[in-house]
Amino acid sequence: MVNLNATLRIYLQYYEKEINLTRLVEKAYHEGSARSAVPVHEIEVYVKPEDGRAYYVANCVFQSYVNLWDSDRDIYDCSELSGEINWNNEVKHRLIFEYRGQQCDCDSIIKRVAEKYANIYSAETLQEVEIYVRQEHEAAYYVINGRHTGSVSMFA
């Protein structure tokens with residue numbers, strides 16, 4: 001059973017660095033909200049670690065980017081970002097990154113993790129998920145409720 005109020009954190013482990021991808025979605029949302037003339041109801045974030053940027057499209061119209069690491073360019077005070085996404089969030093969000101010419105949609109990774117967890121621990125409620133994506137392994141490693149671990153493929 002998946003709790004719709006479960007907390008989700010996703011990290012991309014890229015070379016010697018770790019990027020909090022859920023924090024990037026928050027950062028892009030706040031930057032897009034500050035730069036857009038209309039409220040942001042939908043956001044797509046495309047992570048390009050080799051560029052040091054996450055490009056985003058807000059409301060299918062407005063597009064810009066945020067830096068992967070905090071910089072002077074940031075409009076929003078990044079220290080206020082939680083780095084967590086609630087699955088029951090009213091803002092539709094999509095997180096994608098590219099590796100070796102293939103796009104990886106984080107929603108599909110989340111779905112595979114939740115399905116695998118439900119198949120093994122069907123009686124337990126999923127409260128908290130941490131996912132660590134390792135591009136060079138083409139795998140996503142997870143920790144659920146602080147104690148259950150495993151992995152799924154980045155690509156189905």
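**Note on a predicted model**

1. Asn145 counts as partly exposed, at 22% relative accessibility. (Buried is under 20% relative accessible area, exposed is over 50%, and partly exposed lies in between, with a 1.4 Å probe and protein chains only.) Asn145 is in the loop between strand 10 (139–144) and strand 11 (148–153). Its phi is near 55 degrees, a positive value in a residue other than glycine. Most residues other than glycine have a negative phi.

2. This model is predicted: local features need pLDDT of at least 70, side-chain atom pairs count only at pLDDT 80 or more, and totals for chains, interfaces and linings use all residues. Numbering starts from 1 along each chain as its sequence is written, and side-chain values use heavy atoms, without hydrogens and water.

3. Now the overall layout. The protein chain holds 2 helices and 11 strands. (These are DSSP runs numbered from the N terminus: helices are H or I with at least four residues, strands are E with at least two.) Read from the N terminus, the order is β-β-α-β-β-β-β-β-β-α-β-β-β. The chain has 156 residues, and 44% of them count as buried.

4. How far apart are the end C-alpha atoms of helix 1? They are 21 Å apart. (The expected span is 1.5 Å times one less than the number of residues.) Helix 1 has several buried residues, among them Leu21, Leu24, Val25 and Ala28. Arg23, Glu26, Lys27 and Glu31 are also on the buried list.

5. Ser36 sits in the loop between helix 1 and strand 3 (42–48). Ser36 is buried, with a relative accessible area of 16%. A polar atom of its side chain lies 3.0 Å from the backbone oxygen of Val38.

6. Cys60 also has a positive phi, near 60 degrees, and is not a glycine. Cys60 lies in the loop between strand 4 (53–58) and strand 5 (62–67). Is Cys60 buried or exposed? At 60% relative accessibility, Cys60 counts as exposed.

7. Look for disulfides (two cysteine sulfur atoms within 2.5 Å) and the count is 0. Cys104 is in none; its nearest cysteine sulfur, in Cys106, is 5.4 Å away. Cys104 is buried, at 1%. Cys106 is buried as well, also with a value of 1%.

8. The whole structure has 4 aromatic pairs. (Rings of Phe, Tyr and Trp, by its six-membered ring, pair if their centres lie within 6.5 Å; planes under 30 degrees apart are stacked, over 60 edge-to-face, the rest tilted.) One of the pairs is Tyr11 with Tyr132: the centres are 5.0 Å apart and the planes are at 15 degrees, so this pair is stacked. Tyr11 belongs to strand 1 (residues 2–14) and Tyr132 to strand 9 (residues 126–134), so the pair ties together parts 121 residues apart in sequence. Tyr11 counts as buried, at 12% relative accessibility.

9. Tyr56 and Phe62 make a tilted pair, 6.3 Å centre to centre with 45 degrees between the planes. Its two members contrast in burial. Tyr56 is buried, with a relative accessible area of 1%. Phe62 counts as partly exposed, at 25% relative accessibility.

Note on methods
Polar contact = N/O pair within 3.5 Å; in protein donor to acceptor, adjacent residues only side chain to side chain.
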